[in-house]
Amino acid sequence: MRWQNQEESQNVDDRRGRSVSVGGGIGIGAIVLALLTFLLGGNPLAVLQQASQQTTTQTQASDGPYEPKTQEEAALSKVVKVTLKETEDVWNKLFREQLGRNYEEPTLVLFSGRTVSACGQAHSATGPFYCPADEDVYIDLSFYEEMKTKFRAAGDFAMAYIVAHEVGHHVQHQLRITTEVEQEKRRSSKKEANQLSVRLELQADYLAGVWTHHAEKMSRAETGRGILEEGDIEEALNSAASVGDDRIQKQARGYVVPDSFTHGTSEQRKRWFLKGLKSGDVQEGFQAFKLPYNQL
């Protein structure tokens with residue numbers, strides 16, 4: 001991927017190197033104040049919620065600008081920030097042209113070890129994820145080392161695919177697909193809920209492919225050359241395959257349980273990324289929720 005000397009996104013909250021104390025709790029003073037508020041006819045829950053938010057804010061105080069410890073970390077940081085900027089350019093354009101609405105850009109949170117999200121505590125062990133509650137993408141760059149050593153998926157575009165996939169979840173949230181799926185899951189059996197999760201993940205893979213299609217096309221129109229270099233698509237496919245449920249379960253316990261899949265098989269994830277890459281049409285990705293499950 002051609003990321004050197006490219007513009008970085010400004011929607012980045014870099015929390016690396018910060019001292020984080022998660023779950024500080026609510027002090028006795030706040031509890032007393034909440035009780036007084038209740039006796040005076042006010043809303044004590046609002047007081048407790050504000051106290052909790054203030055505690056979280058205090059524990060997130062910065063210790064100063066973060067300096068990457070290695071050249072690889074500095075390069076990865078640049079890759080994800082450039083990728084995020086590319087997703088902003090593409091999705092702003094596609095929302096206007098294909099969906100007739102405005103795109104609200106997410107924030108990328110870079111952290112090391114652990115941090116706090118509106119979806120709960122974020123740990124490096126959980127891997128990259130999107131939190132719809134605060135509309136942020138969370139990434140600990142140490143995940144790249146796990147991709148290389150555990151999943152054998154290396155390369156800058158392998159990391160770009162991860163960012164594009166999580167931004168795909170943001171697109172789903174913007175279109176209220178995520179909300180509708182969560183509502184449906186609450187009315188479903190465990191097996192059916194897992195299948196809905198698989199559809200959501202495969203659609204995010206499709207949207208990552210759509211982004212790649214248009215990022216390449218827009219770059220060629222503007223600069224005369226695309227963002228892709230030789231081997232980039234293979235890196236993205238390796239990255240997609242590395243997080244397939246069948247591969248992860250096989251590595252972890254030696255066998256697979258298809259009914260427990262929540263992200264799709266390695267083959268499915270590669271296939272839906274390629275569908276998006278070939279098509280470039282956002283609307284076609286909606287078929288992930290229309291096809292019979294055994295045809296995904």
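## Disulfide, salt bridges and a buried glutamine

Cys-131 is buried, with a relative accessible area of 0%; buried means under 20%, exposed over 50% and partly exposed in between, using a 1.4 Å probe and protein chains only. The model is a predicted one, in which local features need pLDDT of at least 70 and side-chain atom pairs count only at pLDDT 80 or more, while totals for chains, interfaces and linings use all residues. Residues are numbered from 1 along each chain as its sequence is written, and side-chain values use heavy atoms, with hydrogens and water left out.

Cys-131 is joined to Cys-119 by a disulfide with an S to S distance of 2.0 Å, where a disulfide is a pair of cysteine sulfur atoms within 2.5 Å. The structure holds one disulfide. The link of Cys-119 and Cys-131 is right-handed, with 95 degrees about the S-S bond. This pair links distant parts of the chain, twelve residues apart: Cys-119 is in the loop between strands S3 (114-117) and S4 (120-123), and Cys-131 is in strand S5 (residues 129-131). Helices (H or I, at least four residues) and strands (E, at least two) are DSSP runs, numbered from the N terminus. Cys-119 is partly exposed, at 45% relative accessible area.

S3 and S4 form a hairpin with two residues between them. The two strands run antiparallel and are joined by four bridges; strands pair if DSSP finds at least two bridges between them. Val-116 stands opposite Gln-121 in S4.

The structure holds 14 salt bridges, each a side-chain nitrogen of Lys or Arg within 4 Å of a carboxyl oxygen of Asp or Glu. Three of them are listed here.

| Asp-14 | Arg-16 | 2.7 Å |

Glu-73 in helix H3 (residues 71-98) and Arg-16 in the loop between strand S1 (12-14) and helix H1 (28-39) are 57 residues apart, so their pair links distant parts of the chain. Arg-16 is buried at 4%, as is Glu-73 at 16%, whereas Asp-14 is partly exposed at 23%.

Asp-89 and Lys-85 both lie in helix H3, four residues apart, about one turn of the helix. Salt bridges that share partners join Glu-7, Lys-85 and Asp-89 into one network.

Gln-203 is found in helix H7 (residues 190-223) and is buried, with a relative accessible area of 1%. Not counting residues up to four places away in sequence, Gln-203 touches Gln-172, Ile-177, Gly-285, Phe-286, Ala-288 and Phe-289, a contact being heavy atoms within 4.5 Å.
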